[in-house]
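Colleague: I'd like to go through the labels on this one with you. Can you show it and tell me what stands behind each term?

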Amino acid sequence: MIKSLYIRVVVTFLISVIAGTVIAFLLSTWIFEDQLNENSHINIRNFGQDVVQIYKTLPLSEADAFVNNMKQLDLYYIRMYEPSGQFQTYGKAIDHKPISVTKEQLQKVLGGAVVEATPNGLGTVLLGLPVQTAGGTRAMFLETLSPPAAAAVIQWGTIFATSSLAAGSLIILIASMFLVRPIKKLTQATKRIAAGDFNVKLNIKQSSELGTLARSFEDMMKDLQQLEQMRREFVANVSHEVQSPLTSISGYAQALKNVELPDQERGRYLDIIISEAKRMSKMSDNLLKLSMLESQSHQLQLATRDLDEQIRRVIVALQPQWSARDIRFELDLQKVQVIADHDQLNQVWTNILSNAIKFSENKGVIHVRMERDVRTVTAYITDEGIGIPLEDQKRVFERFFKADRSHSRKYDGSGMGLAIVKQIISLHKGDIALESKMGQGTTFIVSLPISPPTAG
């Protein structure tokens, strides 16, 4: 089996050209053969009638001399048979093998019949005519010498077929190199990508299907490069987030083995171990939840409820966090019912409001207001906290990303809350954005369709 595409293209073309040339040659020869045979029959009949008329008009000796000097003998060969079987020839039969005349054909012509045959193929005709002379009836057999027209057609056809095959073969050999070269580049690029090298430039500028394939391949390569970068960051982030609590748990567990450790210190170490274990458990739950939300099989449990009432309930549930720091809420909520998965939306408001509380100053104010139009409801949650740097604002929705990394110790969290929020809102065909200024606070803007497209 041929594995090389280049060889396969060349062989396929050659087979096609050879087969097409042979078929075209045979077909054209067959068509021309009928036409040439018909023309040859007409011409030789006319010439034969002329010769017969000469023998009727002139004496035998003069007729023989006249026929022997005719210019048409360059095209025709004549044999004049006596009843005894002897014959006299007229014309130049150089390099020409005369057609055999059978006794049956001779007797028919001497009996007054006409014999006509094409025994040797293209353009060759044998014509037998009776000739009345002073010495009695003779049988004249005329045959065409190698017809120049037929020979030219055959020669031209052969040269044309050979030239077409040679030129076509040369062209396809060159064209196949340009055809296969982009595919070879794609193959080499695929191998490099499989080896982890995404810095591949194809430089294929064709506008054909191959060019479209190359551009699609480059887009795929960029996506794979981004995915690989995300994968590496994800592994690094998970390793970092897991390593920190594991180090604390391991260290404090080792310290608990000290029998002389005071009970107060022992209790504090146990509290730290429990806290770090809960932190790991929460991170694991968030990972599982995000994975579930990103899976295509996840289905929203849609129901119609009051969105404003849900936000109020989340704020009440978070009261231990904000009341201990004298943070207050200013609400501007109007009654709005939406069709949504309210268990998932509860996670959205919990995560956003928890962040607002976390990054607010003590005795700060958090503003929550809602606006609606015919199709959409928009919630604005604004804190007066530390703010988010401009260069980090586009990345806050990435998993494990912490906008204020210098405060990562002070403000606890794994950096997955907003990634979960983003995914839940996307599932509801909504949108989330933020506005922030350093030292002045942050506003999260959540837009949701009142009735999402997935709802019946």
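Modeller: Helices (H or I, at least four residues) and strands (E, at least two) are DSSP runs, numbered from the N terminus. Keep in mind that this is a predicted model, where local features need pLDDT of at least 70 and side-chain atom pairs count only at pLDDT 80 or more, while totals for chains, interfaces and linings use all residues. Residues are numbered from 1 along each chain as its sequence is written, and side-chain values use heavy atoms, with hydrogens and water left out.

Colleague: Where does Leu 60 sit, then?

Modeller: Leu 60 belongs to helix α2, residues 60-68.

Colleague: Why is Leu 60 called partly exposed?

Modeller: Buried means under 20% relative accessible area, exposed over 50%, and partly exposed in between (1.4 Å probe, protein chains only). Leu 60 has 25% relative accessibility, so it counts as partly exposed.

Colleague: What does Leu 60 touch beyond its neighbours within four places in sequence?

Modeller: Taking contact as heavy atoms within 4.5 Å, Leu 60 meets Tyr 55, Thr 133 and Arg 138. Thr 133 is 73 residues away along the chain, yet the two C-alpha atoms are 6.5 Å apart.

Colleague: What makes you call strand β1 mostly covered?

Modeller: In β1 (residues 76-81), 6 of its 6 residues are buried. In a regular strand the side chains alternate between the two faces of the sheet. Here Tyr 76, Ile 78 and Met 80 lie on one side and Tyr 77, Arg 79 and Tyr 81 on the other, and both faces are covered.

Colleague: How do you know that β1 pairs with β5?

Modeller: Two strands pair if DSSP finds at least two bridges between them. β1 and β5 (residues 136-144) have 6 bridges and run antiparallel, with Tyr 76 bridged to Thr 144. β1 also pairs with β2 (residues 87-90), again antiparallel, over 4 bridges; Met 80 has Gln 88 as its partner there.

Colleague: What lies between β1 and β2?

Modeller: A turn: 5 residues separate the strands of this hairpin, and Gly 85 in the turn has a positive phi of about 105°.

Colleague: What makes β2 and β3 edge strands?

Modeller: The open sheet has 5 strands in the order β2-β1-β5-β4-β3, with antiparallel pairing. β2 and β3 (115-117) each pair on one side only, which puts them at the edges.

Colleague: How many bridges join β4 to β5?

Modeller: There are 8, linking antiparallel strands, with β4 covering residues 126-133. One of the pairs is Leu 127 with Leu 142.
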